[in-house]
Each structure stands twice: as structure tokens, then as C-alpha cells.
Amino acid sequence: MNSQIQSTRQMRILVVDDEPTNLFVLERMLSTAGFSDHISCRDPRSVCELCFAYDPDLIVLDLQMPGVSGVDVLHQIRPWMRRKGYLPVIVITADARRELREEALRSGARDFLLRSETEFDETEAVQRISNLLETRLMQLKLEYANASLEQRIQERTAQIEAAQVEIVN
């Protein structure tokens, strides 16, 4: 974990949507809300490569994209997500069908935001993104604390072994 991250507003967000207008709205929303580290992508085929290069803490993913759908993207990044431990993905779509939401959630999405063709609730989106990033930040802090404890245990074990050798001598 980058131990310098103290706030969810410093965490990395990857936004994936094939529509330039949607990307503009989402990026403006993130910037206005104070999120300082976010990038966007119009081509869902490049998400895997971006995940390895950018190492996002959250992905905002459109479901309805030509060629490669958001669900397809979730399946493609699933092995990478498993290695990360916990990587929240929030899916955004105008399609309100229940089966689509269920498929996205089964495929690894952690939350779902509906938008109409003309309206997008930015307040709700920012709150949901903030909630998912807070969970991610706590997970990273826990991983960092566990690694620190493991290192201290190894150091203490080495000290005990050295003391035992000294006693024998």
C-alpha cells in the first residue's frame, strides 16, 4: 500500500465509457467532488492494460458499450481483481433491467447506478463512489498493518533464535 494515501480523494479512479459526453460529465463530477487522481478510457478493450499500468482503486464502468460490454470487461479483469484482494467496480447504465444488474453484480461489480438518458444524479454517484473508496482505503490500511506485523514477527523471531544460539554457546 502507498502509505501516503490518507484520504479517499487521493485514490486512483478509472472511468470507462464509450460516450465522450458521459466521460466529460463523470470526470467533471469527480474533479468537482475533489477526487484528484482519475483517468478515463473510451475503449473497453484497453481496460486490462490500463488496470496493470494505472492500478486503480476503483473502476467506474459503463455496461452498454459496443463490441465489448461492461460485463465482458468484468470477466476480463476478474483474475487481476482477485490478485488485488478487493477492487470495487461501480457500474453505471441507463438500462434498468433487473437481470442486467444481477449479471453485473455476479460478475464482480460492487454497486450499481442507474442514469436516464438525460439525467444523472451526481450527488448519489459521488456518495456511492466515496463509500466504495472508503472500504478500499480500509482494506489497504489493513493490508499494510498486516504486512507490518508480519515483518515485526519475523524480526522478533530472528532475535529469539539469535538469543537461543547465544545461550547454547
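**Entry 1: R28 and E122**

I began with R28, which is partly exposed at a relative accessible area of 36%. My cut-offs are these: buried means under 20% relative accessible area, exposed means over 50%, and partly exposed is in between, with a 1.4 Å probe and protein chains only. E122 is also partly exposed, with a relative accessible area of 25%. Before going further, I noted that this is a predicted model, where local features need pLDDT of at least 70 and side-chain atom pairs count only at pLDDT 80 or more, while totals for chains, interfaces and linings use all residues. Residues are numbered from 1 along each chain as its sequence is written, and side-chain values use heavy atoms, with hydrogens and water left out.

How do the side chains of R28 and E122 meet? I found a salt bridge between them, 3.0 Å from N to O. I count a salt bridge when a side-chain nitrogen of Lys or Arg is within 4 Å of a carboxyl oxygen of Asp or Glu. The pair links distant parts of the chain, 94 residues apart: R28 is in helix α1 (residues 20-32) and E122 in helix α5 (residues 122-168). Helices (H or I, at least four residues) and strands (E, at least two) are DSSP runs, numbered from the N terminus.

As background, side chains of opposite charge can pair when their charged atoms come close.

I looked next at D57 and R136, whose side chains meet in a salt bridge of 3.4 Å, N to O. Are D57 and R136 buried or exposed? D57 counts as buried at 1% relative accessibility, and R136 is buried with a relative accessible area of 2%.

Then I turned to R128 and D111, which form a salt bridge of 2.7 Å, N to O. R128 belongs to helix α5 and D111 to strand β5 (residues 111-114), 17 residues apart. R128 is partly exposed at 27% relative accessible area, whereas D111 is buried at 17%. I also wrote down a network: R12, D55, D57 and R136 are joined by salt bridges that share partners.

**Entry 2: R115**

I found R115 in the loop between β5 and α5, and it counts as buried at 14% relative accessibility. Its side chain makes a polar contact of 3.2 Å with the side chain of D17, and another with the side chain of D62, at 3.4 Å. By polar contact I mean a pair of N or O atoms within 3.5 Å; within protein, one must be able to donate a hydrogen and the other to accept it, and residues adjacent in sequence count only if both atoms are side-chain atoms.

**Entry 3: F35 and R9**

F35 lies in the loop between α1 and β2 (37-41) and is buried, with a relative accessible area of 2%. What sits over the ring of F35? I found the charged end of R9 there, 4.2 Å from the ring centre. The rule asks for NZ of Lys or CZ of Arg within 6 Å of the ring centre and within 35 degrees of the ring normal. Leaving out residues up to four places away in sequence, F35 touches T8, R9, I13, L30, V126, I129, S130 and L133; contact means heavy atoms within 4.5 Å.

**Entry 4: an aromatic pair**

I looked up ring pairs and noted a count of 1 aromatic pair. The rings of F52 and W80 have centres 6.2 Å apart and planes at 65°, so the pair is edge-to-face. Rings of Phe, Tyr and Trp (its six-membered ring) pair if their centres lie within 6.5 Å; planes under 30 degrees apart are stacked, over 60 edge-to-face, and the rest tilted. F52 is in helix α2 (residues 47-54) and W80 in helix α3 (residues 70-84), so the pair ties together parts 28 residues apart in sequence. F52 counts as exposed at 55% relative accessibility, whereas W80 counts as buried at 8%.

**Entry 5: helix α3**

My last stop was a kink of about 50° at R78 in α3, shortly before the proline P79. The bend at a residue is the angle between axes fitted to the seven residues ending there and the seven starting there. Just after α3, G85 takes a positive phi of about 90°.
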